[in-house]
Amino acid sequence: MSETALPPGSPIPALDESCSPDVPDGILAVIFDFDGTLADTTAHQEQSLRAALQPYGLDLDADWYRRNFGLSIHDLLAALPGARQLPHDEIIRRSRAHLLAHLHTISPIACSVTLLRAARRAGLPCVVASAASRILVHPGIEALGLSHEFAAVVTREDTARGKPAPDVFLEAARRIGVPPERCLAVEDAPDGIASALAADMHVLRVIDSHLAPIGEGTEDTAGLPSGSGAPLPRGCARGQAADRETAACPSPTSVPAPLTADSDR
């Protein structure tokens with residue numbers, strides 16, 4: 001792929017077949033989650049939480065964590081068997097300190113970075129939209145050497161509600177002045193995918209080190225599990241996210257308050 005810049009607003013060039021992205025026509029911006037999407041940090045986060053729990057004699061079951069990793073650290077601790085009565089603020093502080101101390105070890109997810117650079121060559125603005133704290137996201141972007149690639153970075157402090165509500169993606173689109181329906185979101189976690197769909201964005205999912213489209217009304221979208229492990233009702237297509245209490249599919253602007261936005265993801 002040539003490194004010659006294309007005119008602003010050009011279609012994103014075709015990527016390496018091993019990435020297998022399906023970039024819809026008419027996309028004007030690309031919005032990336034950070035953890036698990038741009039940076040391969042899932043194992044790193046699991047290790048950090050496990051280390052933070054160790055002084056309290058509580059182990060973190062790997063299978064349980066992988067079923068719930070899309071939740072914020074506050075909600076993880078609230079749901080984790082045996083953790084409800086522990087000092088959550090201190091555990092979060094320990095987990096965050098561990099994450100920051102090991103940021104230099106994180107690695108990029110190649111297909112996402114390839115898409116990022118292809119989008120930038122095409123003159124499309126790119127944004128990070130993360131449920132994690134800015135104290136983790138900004139140093140993480142810098143550690144990957146991607147600080148100059150993004151027009152904006154949106155983190156949990158920038159919106160009232162976290163994923164799976166659409167707020168973080170809507171704020172990302174607002175900052176660059178692009179209609180949400182003309183944005184392509186790139187995500188890995190179920191709650192993040194639900195958030196992007198609720199914002200009425202096209203979505204690529206990071207899975208097994210490649211990018212796969214989430215299609216309208218498909219099995220992918222209709223049965224998408226939330227980070228809590230509860231499936232979204234069938235029939236929720238792009239632009240809709242389930243109300244976890246009513247099992248309805250509200251409009252993107254009326255998604256009810258989700259789980260807390262605080263996260264060390």
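1. Ground rules. The model is a prediction, with local features needing pLDDT of at least 70 and side-chain atom pairs counting only at pLDDT 80 or more, while totals for chains, interfaces and linings use all residues. Numbering starts from 1 along each chain as its sequence is written, and side-chain values use heavy atoms, with hydrogens and water left out.

2. Overall make-up. The protein has 9 helices and 8 strands; these are DSSP runs (helices: H or I, at least four residues; strands: E, at least two), numbered from the N terminus. Of its 265 residues, 52% count as buried. Buried here is under 20% relative accessible area, exposed is over 50%, and partly exposed is in between, with a 1.4 Å probe and protein chains only. Contact means heavy atoms within 4.5 Å. Among the contacts with a separation of 6 or more, 67% are between residues 24 or more positions apart.

3. Helix 1 against helix 4. The axes of helix 1 (residues 42–53) and helix 4 come within 8 Å and cross at roughly 135°. Axes are lines fitted to C-alpha atoms, for helices over the stretch in contact, and angles run from 0 to 180 degrees between N-to-C directions. The two helices are therefore oblique to each other; angles under 35 degrees would be roughly parallel, over 145 roughly antiparallel, 65 to 115 roughly perpendicular, and the rest are oblique. The crossing of helix 1 and helix 4 is right-handed, a term used if the near helix is turned clockwise from the far one by less than a right angle, with anticlockwise being left-handed. On the helix 1 side the residues are H44, Q45, Q47, S48, L49, A51, A52 and L53, and they meet I91, R94, S95, H98 and L99 of helix 4.

4. H88. This histidine belongs to helix 4 (residues 88–101). Is H88 buried or exposed? H88 counts as buried, because its relative accessibility is 19%. A polar atom of the H88 side chain lies 2.8 Å from the backbone oxygen of A83. For polar contacts the cut-off is a pair of N or O atoms within 3.5 Å; within protein, one must be able to donate a hydrogen and the other to accept it, and residues adjacent in sequence count only if both atoms are side-chain atoms. Leaving aside residues up to four places away in sequence, H88 touches L77, A78 and A83.

5. The aromatic pair. How many aromatic pairs are there? The count is 1, and the partners are F32 and F150, edge-to-face at 6.4 Å centre to centre with 75° between the planes. F32 lies in strand 1 (residues 29–32) and F150 in the loop between helix 6 (134–143) and strand 5 (152–154), so the pair ties together parts 118 residues apart in sequence. The rule takes rings of Phe, Tyr and Trp (its six-membered ring) with centres within 6.5 Å; planes under 30 degrees apart are stacked, over 60 edge-to-face, and the rest tilted. Both F32 and F150 are buried.

6. A151. This residue is in the loop between helix 6 and strand 5, and it counts as exposed at 53% relative accessibility. A151 and V127 are 24 residues apart in sequence, with 5.7 Å from C-alpha to C-alpha. Not counting residues up to four places away in sequence, A151 touches P125, C126 and I176.

7. The cis peptide. K163 and P164 are joined by a cis peptide bond, with omega about 20°. P164 sits in the loop between strand 5 and helix 7 (167–176) and counts as buried at 10% relative accessibility. P164 and A194 are 30 residues apart in sequence and 5.4 Å apart in space, C-alpha to C-alpha.

8. Positive phi. D200 has phi near 70°, a positive value in a residue other than glycine. D200 is in the loop between helix 8 (190–198) and strand 7 (202–207) and is partly exposed, with a relative accessible area of 26%. For D208, phi is near 55°, again positive in a residue other than glycine. D208 is in the loop between strand 7 and strand 8 (210–214), and is exposed, with a relative accessible area of 67%.

9. A189. Which loop holds A189? A189 is in the loop between strand 6 (183–187) and helix 8. A189 is buried, with a relative accessible area of 1%.
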